[in-house]
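Please examine the sequence and the three-dimensional structure shown below.

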Amino acid sequence: MPVNRDLVGRQYPSSATFEVGREHIRGFAEAVGDRSPACTDPEAARALGHPDVIAPPTFLTVLNFRFESDGPIADPALGLDYALVVHGEQSFELHRPVRAGDVLSSVQSVADIKDVGRNELVTTVTEVVAADGERVATLRSTLVSRGTAAPRKA
């Protein structure tokens with residue numbers, strides 16, 4: 001069954017915030033092999049002009065999955081069968097580094113749904129903001145819904 005294209009443009013604000021802690025950042029940096037002292041040592045981060053440790057650029061992957069729980073993939077109106085989904089691609093546009101102490105929230109939207117052969121590509125955009133409203137990042141993710149595109153007429 002094809003994905004519901006009427007949802008293109010629909011927005012999904014996150015229902016909860018996420019407070020970024022030093023241990024979140026340190027653990028993620030270790031997991032991805034980022035050895036920058038700015039990720040683990042507050043003094044090193046301050047020497048670089050940051051108020052506290054900063055996260056590796058891909059840290060928001062963790063939050064994107066959390067924010068998706070309130071987003072379109074959880075909306076039954078989209079009609080997405082997650083058993084048929086594979087992750088297509090992900091990109092991050094950082095407007096500033098993610099820092100320990102940030103309290104982040106997001107608004108996720110369905111940016112596009114299109115056919116590619118028998119598959120459908122569902123692209124979402126997540127705008128991440130800090131508690132004071134400052135833009136932190138724009139995340140773009142594409143999911144591939146395998147075999148759900150409507151058959152083409154000959």
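Predicted model: local features only at pLDDT ≥ 70, side-chain atom pairs only at ≥ 80, totals over all residues.

Residues are numbered from 1 along each chain as its sequence is written, and side-chain values use heavy atoms, with hydrogens and water left out.

Helix α3 spans residues 60-68, and within it Leu60, Leu63, Asn64, Phe67 and Glu68 are buried. Buried means under 20% relative accessible area, exposed over 50%, and partly exposed in between (1.4 Å probe, protein chains only). Helices (H or I, at least four residues) and strands (E, at least two) are DSSP runs, numbered from the N terminus. An α-helix has 3.6 residues a turn, so residues three or four places apart point the same way.

The cover over the buried residues of α3 includes β2 (18-19), β3 (85-94), β4 (103-116), β5 (119-130) and β6 (135-145).

The largest nonpolar core comprises 20 residues, and Phe59, Val98 and Leu104 have the most contacts inside it. Such a core is a set of buried Ala, Val, Leu, Ile, Met, Phe, Trp, Tyr and Cys residues joined through side-chain atoms within 4.5 Å. At least two residues of this core come from each of α1 (22-32), α3, β5 and β6. A second, separate core of ten residues includes Val3, Leu7, Leu78 and Val85.

Alanine 131 is located in the loop between β5 and β6. Its relative accessibility is 69%, so alanine 131 counts as exposed.

Methods:
Contact = heavy atoms within 4.5 Å.
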